[in-house]
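Dear colleague,

Please find the structure below, handed over for your records. My notes on its charged side-chain pairs follow.

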Amino acid sequence: MPSKREWHVIFLLDSKRVVTHDLELSEDMNERETSEFIVKQLDRGTWWFLEDGVALHTSGVESFYLDRCAKKTRFSRD
């Protein structure tokens, strides 16, 4: 998949809720780079304020995947 600035991300939370978000990046990134960026944000262990007014507590994210890249995205706190 080519690099792009906007990715649709699906977060699965410990509370069994699903949060979807259109992530806008400051530069083009491929799926690996985008996943690494998200993992760095989640590893901070604080609130992550998403552009659309939603805040996630990063420790509450169980897993995530990039839309249309679910087979390639590998992240889980377990």
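Lys16 is exposed, at a relative accessible area of 64% (exposed means over 50%, buried under 20% and partly exposed in between, with a 1.4 Å probe and protein chains only). The model is predicted, so local features need pLDDT of at least 70 and side-chain atom pairs count only at pLDDT 80 or more, while totals for chains, interfaces and linings use all residues. Residues are numbered from 1 along each chain as its sequence is written, and side-chain values use heavy atoms, with hydrogens and water left out.

Lys16 forms a salt bridge with Glu62 (3.7 Å, N to O); the term denotes a side-chain nitrogen of Lys or Arg within 4 Å of a carboxyl oxygen of Asp or Glu. This pair joins distant parts of the chain, 46 residues apart: Lys16 lies in the loop between strand 1 and strand 2, and Glu62 in strand 5 (residues 61–66). Glu62 is partly exposed, at 24%. Strands (E, at least two residues) and helices (H or I, at least four) are DSSP runs, numbered from the N terminus.

The structure holds 3 salt bridges. Another one connects Asp28 and Arg5 at 3.4 Å, N to O. Here too distant parts of the chain are linked, with Asp28 in strand 2 (residues 18–29) and Arg5 in strand 1 (residues 4–13), 23 residues apart. Asp28 is partly exposed at 43%, as is Arg5 at 45%.

Glu36 pairs with Arg32 in a salt bridge, their closest N and O atoms 3.0 Å apart. Both belong to helix 1 (residues 31–43), where a spacing of 4 residues separates Glu36 and Arg32 by about one helical turn. Glu36 is partly exposed, at 39%.

Yours sincerely
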